Amino acid sequence: MNDAQIVELYWQRDESAITVTQEKYNTYLMKIARNILNDTGDSEESVNDTYLAAWNSMPPQKPVVLSTYLGKITRRISISLFRKRNADKRRDGEFALSFSEMEDVMEGNMEPEKEMEAQILGELLNKFLRSLKPDERRTFIGRYYYMDSLKEVAAYCGMSEGKAKTMLFRTRVKLKEYLREEGFMI
Amino acid sequence: MNTDLIFDAMDYIDDDMLEDVDALRTKKKANPNRIWMRYASVAACLCVIIGAVYLLDRTGMIDTTEIADGVDQENSFAGEDKVHNYVRADIITSDSTSLAVTDPQKITAIYDILRTELQSEAAADDKLYSENDNKAAGEMADGNGKTEDIGGIIAQSQYTIKLISADGAEKVYTLVGKVVRNESTGETFSLSSNQYNELMEILNQK
């Protein structure tokens, strides 16, 4: 069943929509959740919450590419669950590693007058990412959005781990400079 | 915390950039055993053919001298009845500009790209494109320059490569790619594999 047909099931309030979604995307969503949570039980909880969120959001939403839409929901829920469960302690896993890598980018103080909301920062991020070369963009998104390991990112971007690591480092430096130029970091 | 904010901000990354990466992530990995089996079966077929030709030649049933003479095996492809030696590649892009390549090394490099089963790759891998793209890609594979608008993604885009032999025979291949239209950035073209980058390198070489 293609995505348009599955979305139509949601719109018709046909409960088989969830079963069909699960059959098609469970493995895909579990990968995203596991990258963040590093725990099968928590990942299953996150993915189950994703199906509920999907049911509650369609309609009115009508995504064209269901994997991207569901992936965003899973990612958001998983990060939220990670924060809830690990407020004080460190944890293993790709999200924890990605988080520590990104701390260098955001180590400055925010402008006290401005409260940068995620959506505004997201728009800046889009402009920044579009300015990058394809490999730079893909490694960045693979590592920090999908939270894939460095080894996985290097493999599907067709480069060595060393090259991917260097590329990510340079991209983080560029991002930090970009945010500073945009006046959001001091 | 600031670092939390940037991870939250990534929720707003445009879908087309995410889909571009997701296509790479979910591409089915080649099974090494399948690759070896494919090469082994091709090698076995070649052995049978060469053996048959040798035996038939020995018995005088066929004359192989005409085929062997003057044919560059690296720059050749099989036509219907004979092997052709191609001396030119025309690259016809989706916006109708064309580029003729006559350098034998460049032609060989382009031909190496075309050896992979481009059309079956696009048709067989259901994670490479969405199902709607698969349908459009299948329709593109017959060489017609058709476009189909699917939710902001223009599924057509192709480089048509026409190999032309010294005796005028032509063989046409199509590299099927994907064009994404974004209101702010216009259109970007990308092939689903590294072939686009390889092709660009070849075309841009001095």
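This is a predicted model: local features need pLDDT of at least 70, side-chain atom pairs count only at pLDDT 80 or more; totals for chains, interfaces and linings use all residues.
Residues are numbered from 1 along each chain as its sequence is written, while chains are lettered from A and ligands numbered from 1 in the order in which they are written.

In chain A, buried residues come to 35% of 186.

Next, secondary structure. Chain B has 8 helices and 8 strands; helices (H or I, at least four residues) and strands (E, at least two) are DSSP runs, numbered from the N terminus. Chain A has 9 helices and 0 strands.

Now contacts, meaning two residues whose C-beta atoms, placed from the backbone, lie within 7 Å. Take contacts in chain B between residues at least 6 apart in sequence: 46% of them join residues at least 24 apart. For chain A, with the cut-off again at least 6 apart, the share joining residues at least 24 apart is 65%.

On to the interface. There, 29 residues of chain B are in contact with 37 residues of chain A. On the chain B side, helix 1 (2–9), helix 2 and helix 7 (131–140) each supply at least two residues. Which helix of chain B gives the most to that side? Helix 2 does, with 9 residues. By class, the chain B side divides into 11 nonpolar, 8 polar and 10 charged residues. Ala, Val, Leu, Ile, Met, Phe, Trp, Tyr, Cys and Pro count as nonpolar, Asp, Glu, Lys and Arg as charged, and the others, Gly among them, as polar.

Why is helix 2 of chain B, residues 15–25, described as largely enclosed by the rest of the structure? Because 8 of its 11 residues are buried. Among them are M17(B), L18(B), V21(B) and L24(B), and also the charged D15(B), D22(B) and R25(B). What covers the buried residues of this helix includes helix 4 (66–85), helix 6 (118–131), helix 7 (134–144) and helix 8 (150–156) of chain A.

Last, a packing within chain A. Helix 7 and helix 9 (residues 161–181) of chain A pack at an angle of about 90°, with their axes 9 Å apart. Axes are lines fitted to C-alpha atoms, for helices over the stretch in contact, and angles run from 0 to 180 degrees between N-to-C directions. The two helices of chain A are therefore roughly perpendicular, a label for 65 to 115 degrees. Helix 7 of chain A contributes D135(A), E136(A), T139(A), F140(A) and R143(A), and helix 9 of chain A contributes A164(A), M167(A), L168(A) and T171(A).

Note on methods:
A residue is buried if 20 or more other C-beta atoms lie within 10 Å of its own, exposed if 12 or fewer, and partly exposed in between; C-beta atoms are placed from the backbone. Angles under 35 degrees count as roughly parallel, over 145 as roughly antiparallel, 65 to 115 as roughly perpendicular and the rest as oblique.
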